[in-house]
Amino acid sequence: MAALAEQSIVEAPLPKTAGYWTGVGRRLLRDPVAIFAGLVILALILMAIFAPYLAPADPYRASSLRRLRPIGTAGYPLGSDELGRDMLSRLIFGARLSLFMGITPVILAFGIGSAIGIFAGYVGGWVNTAVMRTIDVFYAFPSVLLAVALSGALGAGFGNALVSLTVVFVPQIARVAEAVTTQVRSRDYVEAARASGAGGFTIVRVHVLGNVLGPIFVYATSLISVSMILASGLSFLGLGTRPPEPEWGLMLNTLRTAIYVQPWLAALPGVMIFITSIAFNLLADGLRSAMDVKQ
């Protein structure tokens, strides 16, 4: 009987332990603020995707007889702009360019900055010093000033604004990637892999990337709100999207002369920028808290 009991204990299956990302998902689902922010972002993305089906009117159709109609006017739920175009339709279509200009530069900078930072952090030595001191040259300038200077040098336009914003965020992400990689490089499992004869590429792919991409991703998520504000600022200054394209920053620029006539109407694009930026910030905070293993 003792032998059978011992055998049953040995053969008893071990309980499965939840993985790291499973724990992150569970903690994130327990955060109502992050869930609400994620739903707001999802609603904005769906609004941008299905804009042609949601917009009640043509966002480009102007009418000099219907200029600056107040909010609640029949046929114009959110009024009309300085050219008589439906504001609700332009806000819905404006989500496309605004979200694209807010998310795309961060995605591009995430790929480029992560590669630079991980390379510099893993190699170390004079290579790290040379790369990071070069990065610090760009990092020394304020984001707004650097974005305006680059856009002014490249010329106004949608594509040049994307390039400028990408260049602004690459140094910031690279510094975070380098700092995290430097910490991971000295861990015991990396030293063990190096002692076993594993190559540098294998160590980075197997042991480093899985431990550094998470913190870098969380930091990059927090930059989306900054990217949206900078992109809107470039369009407001005439360095980004050009008329008559609907974009929230550009709409703020064209409606600035109507602020004394229809102040609530002129504030609508700014409200959309504020809501989207706050949603991305709250989601980034929720991801940061969920990835904290101390919880």
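Here are some questions and answers about the predicted model shown above.

Me: Before we start, which pLDDT do local features need here?
Reply: This is a predicted model, where side-chain atom pairs count only at pLDDT 80 or more, totals for chains, interfaces and linings use all residues, and local features need pLDDT of at least 70. Residues are numbered from 1 along each chain as its sequence is written, and side-chain values use heavy atoms, with hydrogens and water left out. For local features, then, the number is a pLDDT of at least 70.

Me: How many helices are there in the protein chain?
Reply: Helices (H or I, at least four residues) and strands (E, at least two) are DSSP runs, numbered from the N terminus. From that end on, the elements read α-α-α-α-α-α-α-α-α-α-α-α. There are 0 strands, and the helix count is 12.

Me: What is the radius of gyration of the protein chain?
Reply: It's taken over C-alpha atoms, and the globule rule is 2.2 Å times the number of residues to the power 0.38. For 295 residues that rule gives 19 Å, and the chain is well over it, so it is more spread out than a compact globule. The C-alpha trace spans about 90 × 60 × 25 Å along its principal axes. The radius of gyration is 25 Å.

Me: What share of the 295 residues counts as buried?
Reply: Buried means under 20% relative accessible area, exposed over 50%, and partly exposed in between (1.4 Å probe, protein chains only). Of the 295 residues in the protein chain, the buried share is 43%.

Me: Is Ser-80 buried or exposed?
Reply: Ser-80 sits in the loop between α4 (51–54) and α5 (87–123). Contact means heavy atoms within 4.5 Å, and leaving aside neighbours within four places in sequence, Ser-80 is in contact with residues including Arg-85, Met-87 and Leu-265. Its relative accessibility is 0%, so Ser-80 is buried.

Me: Which residue has its backbone oxygen 2.5 Å from a polar atom of the Ser-80 side chain?
Reply: The Ser-80 side chain has a polar atom 3.3 Å from the backbone nitrogen of Leu-68. The backbone oxygen at 2.5 Å belongs to Arg-66.

Me: What is phi of Leu-68?
Reply: Leu-68 is also found in the loop between α4 and α5. At 16% relative accessibility, Leu-68 counts as buried. Its phi is a positive value in a residue other than glycine, near 50°.

Me: Where is the cis peptide bond next to Pro-244?
Reply: Pro-244 is in the loop between α10 (200–236) and α11. Omega of the cis bond is about 5°. That bond joins Pro-244 to Pro-243.

Me: Which helix holds Gly-249?
Reply: Gly-249 is buried, with a relative accessible area of 0%. Leaving aside its neighbours within four places in sequence, Gly-249 is in contact with Ser-232, Ser-235, Phe-236 and Ile-273. Its C-alpha is 8.2 Å from that of Ile-229, 20 residues away along the chain. Gly-249 is in helix α11 (residues 248–254).

Me: How far apart in space are Ala-177 and Met-228?
Reply: Ala-177 is in helix α8 (residues 158–185) and is buried at 0% relative accessible area. Beyond neighbours within four places in sequence, its contacts are Gly-113, Ser-114, Gly-117, Ile-118 and Ile-216. Ala-177 and Met-228 are 51 residues apart in sequence, and their C-alpha to C-alpha distance is 22 Å.

How values were computed. Polar contact = N/O pair within 3.5 Å; in protein donor to acceptor, adjacent residues only side chain to side chain.
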